[in-house]
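Biologist: I would like to learn how to read a structure like this one, feature by feature. Could you walk me through it?

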Amino acid sequence: MHTGGADVAAGGLALLADPTRARMLSLILASADGRSTVTALADELGLRQPTVSHHAKALLDDGVLVREPEGRRAWYSIAPDQLDRVAELLHVPAAPRDDEAAITRVVDDLATRFAGTFGRVTVERYVRESRDLLAERSGVTSRFTSRAAGFAADRLAALAVDARAAGATTPEVLFVCVQNAGRSQMAAAILQHLAGDRVHVRTAGSEPADAVSPAVVGVLDEIGVPVAGAYPKPLTDEVVRAADVVITMGCGDACPVYPDTRYEDWELDDPVGRPLVEVRRIRDDIDRRVRELIASLA
């Protein structure tokens, strides 16, 4: 019996069991519009069309592909509900889906949230720019629309913080490292955990990675510190401008310098790719520094 997408969820690694199917999916993912024909796939793979048709039908039956007839041709694309899953399994960045209805909804929601502070035109510009930055510079593929919305909201909130002169009292701290996948995420999570809403914390990366390091998530969990959906974000001007304290970790001169902002550079090893014992050592060093930072803010 055909179970569609459930087959992919239950046995995702089976997608990679047949190298021809894996290559077909990779080619579809890499195509300009996210679809291809059997003829085009056969040419790129150097295989006979009946062979490619056989594999396409198997992927279609499993709910991995969808088929769109167009005249005498049939286009195959990855099923929307399987796109992120397939991209993750194949280690190929999927082109983020440009769902105009979803983007419009995000703009509407943030325009409501920032009503009285920013007009809709400003909100829309930041939403679209944030979406493009995530797509181009950080390789984010999963939960793309929600991440673009969160990134835009954070940037707009930072932009609004130039109300500091109007009496804002909550300190703004920005942690910046290269990939925004290790050190800065550790520091932000520990500071947020210890200080709660007494401090507003942001992170960014000069060359953001695709995801937070699993080892970092693991060693933070060991000490009861949640990472709460954090993901690498590009460094943008408004988050630096909004910060009272900017702490850099191995990213050189990537941060612009503004007057009345406190800058510190923490010399720390990058935990990404290191043995677990080293990651724990870096975590404990960051924990000590964060506690000192909280005391200085107080």
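This is a predicted model: local features need pLDDT of at least 70, side-chain atom pairs count only at pLDDT 80 or more; totals for chains, interfaces and linings use all residues.

Biologist: Which residue forms a salt bridge with R155?

Modeller: Here is the general idea to begin with. Side chains of opposite charge can pair when their charged atoms come close. In this model the partner of R155 is E238, and the closest N and O atoms of the pair are 2.3 Å apart.

Biologist: How many salt bridges does the count come to?

Modeller: The count comes to 25 salt bridges. Let me show you some within a helix. D109 pairs with R105, with closest N and O atoms 2.9 Å apart. The two are 4 residues apart in helix 6 (residues 100-113), so about one helical turn separates them. At 38% relative accessibility D109 is partly exposed, whereas R105, at 56%, is exposed.

Biologist: What does R241 pair with in a salt bridge?

Modeller: R241 forms a salt bridge with D237, where the closest N and O atoms are 3.3 Å apart. Both residues lie in helix 11, 4 residues apart, which is about one turn of the helix. R241 is partly exposed, with a relative accessible area of 34%, and D237 is partly exposed at 34% relative accessibility. Salt bridges can also share partners, and in that way D108, R120, E124 and R128 are joined into one network.

Biologist: Let me turn to helix packing. At roughly what angle do the axes of helix 2 and helix 4 cross?

Modeller: The approach is to compare the helix axes and their directions. The axes of helix 2 (residues 19-30) and helix 4 (residues 49-61) come within 10 Å and cross at roughly 80°. An angle of 65 to 115 degrees counts as roughly perpendicular, so helix 2 is roughly perpendicular to helix 4. Helix 2 contributes T20, R21, M24 and L25 to the contact, and helix 4 contributes V52, H54, H55, A56, A58 and L59. By type, the residues of this contact divide into 6 nonpolar, 3 polar and 1 charged.

Biologist: Now a polar side chain in a strand. Which side chain does S77 join in a polar contact?

Modeller: For a residue like this, I would look at location, burial and partners together. S77 lies in strand 3 (residues 73-78) and is buried, with a relative accessible area of 10%. Its side chain is joined to that of E68 by a polar contact of 3.4 Å. Leaving aside neighbours within four places in sequence, the residues in contact with S77 are I28, G34, R35, V64, L65, V66 and E68.

Biologist: And where is R131 placed?

Modeller: R131 is in helix 7 (residues 120-138). With a relative accessible area of 12%, R131 is buried, and its side chain makes a polar contact of 3.1 Å with the side chain of D132.

Biologist: What about the backbone: what is the phi of N180?

Modeller: Most residues other than glycine have a negative phi. N180 is not a glycine, yet has a positive phi of about 55°. N180 is in the loop between strand 4 (172-177) and helix 9 (183-195), and is buried at 0% relative accessible area. D260, also not a glycine, has a positive phi of about 65°. D260 is in the loop between strand 6 (245-249) and strand 7 (262-265), but D260 is exposed, with a relative accessible area of 77%.

Biologist: To finish, how many helices and strands does the protein have?

Modeller: There are 12 helices and 7 strands. Of the 298 residues, 46% count as buried. Among contacts between residues at least 6 apart in sequence, 67% join residues at least 24 apart.

Note on methods. Residues are numbered from 1 along each chain as its sequence is written. Side-chain values use heavy atoms; hydrogens and water are left out. Axes are lines fitted to C-alpha atoms, for helices over the stretch in contact, and angles run from 0 to 180 degrees between N-to-C directions. Angles under 35 degrees count as roughly parallel, over 145 as roughly antiparallel, 65 to 115 as roughly perpendicular and the rest as oblique. Contact means heavy atoms within 4.5 Å. Ala, Val, Leu, Ile, Met, Phe, Trp, Tyr, Cys and Pro count as nonpolar, Asp, Glu, Lys and Arg as charged, and the others, Gly among them, as polar. Buried means under 20% relative accessible area, exposed over 50%, partly exposed in between (1.4 Å probe, protein chains only). A polar contact is a pair of N or O atoms within 3.5 Å; within protein, one must be able to donate a hydrogen and the other to accept it, and residues adjacent in sequence count only if both atoms are side-chain atoms. A salt bridge is a side-chain nitrogen of Lys or Arg within 4 Å of a carboxyl oxygen of Asp or Glu.
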